[in-house]
Amino acid sequence: MSKEELCKQRKMARQNGIVQPLLTDLYQITMAYAYWKSGKTNDVAVFDLFFRANPFHGEFTIFAGLEECLKFLENFHYSDSDIEYLMQTLPDNIEPEFFAYLKDLTCKDIKLSALEEGSVVFPRVPLLRVEGPLIIAQLLETTLLTLVNFASLMATNAARYRMVAGKNVSLLEFGLRRAQGPDGGLSASRYAYIGGFDGTSNVLAGKMFNIPVKGTHAHSFVTSFSTLDDMHSVILRHAETQKQYNLLELALEWRKRVSSIIDISPEAASEGELAALISYALAFPSGFLALVDTYDVKRSGLLNFCAVALALNDCGYRAVGIRIDSGDLAYLSVLARDTFEKVAESFKLSWFAKLTIVASNDINEDTILSLNEQGHKIDCFGIGTHLVTCQRQPALGCVYKLVEINGQPRIKLSQDVGKVTIPGHKEAYRLFGADGHALIDLLQRSTEPPPEVGQKVLCRHPFQESKRAYVIPSKVEHLYKIYWTEGRICTMPKPLSEVRERVQSSLRTLRQDIKRNLNPTPYKVAVSDDLYSFIHDLWLQNAPIGELS
């Protein structure tokens, strides 16, 4: 392993925080003791981590959380205080030797295979395959689930927002204050960025994950100023000449000139708001993006903003734009754009027509779709509550199921066919059609030869006998890589920026009808003919035979 890879591994280890072996359910540890007491310490298991249904009434999911899973494996170790706590918490009859066994446990004998983080994924296809000693593989369950479930849900939610917003609109995550606690807030910022958002208001997430941080000011900044007398400084030096200008005098003069163009009386505008915007411009002359809906966007906010922006222009600076946080966002954004275009034309300042318009205010997918239909002029959406809390669906529902023990396949049966597991050690392949789009995901037994380009493959529904089709793939993609084996990371996870690019490139492989917001076409996940027969033979072997009387 190179020095660079070793440094990356050490950095990952340092960044790992609250994720530790005791971040689990108690029954994992009680099962571990029962396994240990039953003499199953040398049993070798295979577990699959997968989900059963796509979230948000959609037909795709984005896989995320892999890097955190690898950090967890790398740092898995019960500390002295962990063992002391377990000795106090578990029943008195637990043998002391079990705690000594736990103390020495690591993930050196675990092998973890996974899809590439940022990939588009589908129900029943395992996202992670965990192989190794039964006890340690069992102890990993809850933590791996909590690391993958929310990460994948959040990345999927963000990707859906990106699709409805379009390529030319910026998306900012503003959800920290509404998130489910600090850890939920940090995870939301990270996985929103992976899913396609352009930045976050979360400063710590920016520092930890190198995500661009964005933000302006709140209504409280504006309301803290009542009159122009509240300003204690009005002087700004020119960006190039360093000549001093009185920004207040310039803004008042410009406000008179703009008012005649947009037909709004200066007397109608708030003096306190003007004082606040001038003060903010003095603090950030080259990054002036102002909140304009504190009092009235039409009669006060836009007029005051334009006055200050034009005053800044006299001082060699260009304003960035405005944020609207309430009201009819479609109407107000059109009004703002019309205002900017009138000012640009009147004063021969072409850049003024292209000022950025940011909109926030409890925005969700449906809001953006509605705004699109209304012909909004918004350049950037700031999205918080609905994004970070995944209000439309608060959980993905990943599960972690035993599919093989000591080389013998295991199946979980249920009266609900959707909960019957696909047994055994499997490989997954993505088959592409002649048009270059992904056509179907195929699960096979690991002992089967992989499908080949140009060769006919029989693909079957795992449980419905009549649903089957031949596929001749133009391209075959093997979905799994080994990321952890022999006690170390063997495939380094990619940086956040590359995972983010992977999300978009992976989504581009899907047909548009699979990604559409309303009534999307289901993507097919199939099993090979051999695996189909294997599932149903095992099902018959394990299903009890009823008796009629």
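## Terms and basis

In sorting residues by class, Ala, Val, Leu, Ile, Met, Phe, Trp, Tyr, Cys and Pro count as nonpolar, Asp, Glu, Lys and Arg as charged, and the others, Gly among them, as polar. The model is predicted, with local features needing pLDDT of at least 70 and side-chain atom pairs counting only at pLDDT 80 or more, while totals for chains, interfaces and linings use all residues. Residues are numbered from 1 along each chain as its sequence is written, and side-chain values use heavy atoms, leaving out hydrogens and water.

## The cavity

One cavity of 30 Å³ or more is found in a search of the whole structure (a cavity is a set of points on a 1 Å grid over the protein atoms alone where a 1.4 Å probe fits but cannot get out, and lining residues have an atom within 4 Å of a point). The largest cavity holds about 50 Å³ of space, a volume being the space filled by probe spheres set on the points, which are joined across faces, edges and corners. Its lining consists of five nonpolar, one polar and three charged residues, and among them are Asp48, Arg124, Lys426 and Leu443.

## The sheet

Six strands form an open sheet with mixed pairing, in the order β19-β18-β23-β17-β16-β20 (strands are DSSP runs of E, at least two residues, and helices runs of H or I, at least four; two strands pair if DSSP finds at least two bridges between them). The edge strands, β19 (468–471) and β20 (475–478), each pair on one side only.

Strand β18 (residues 457–460) pairs with β23 (residues 524–528) in the antiparallel sense over two bridges, and Cys459 stands opposite Ser528 in β23. Helix α19 (residues 529–542) packs on the sheet, touching β16, β17, β18 and β23 (contact means heavy atoms within 4.5 Å). The direction of α19 makes about 80 degrees with that of β23, where axes are lines fitted to C-alpha atoms, for helices over the stretch in contact, and angles run from 0 to 180 degrees between N-to-C directions.

How values were computed. 1 Å grid on protein atoms, 1.4 Å probe; cavity = no way out; pocket = protein on both sides within 12 Å on 5 of 7 lines; lining within 4 Å.
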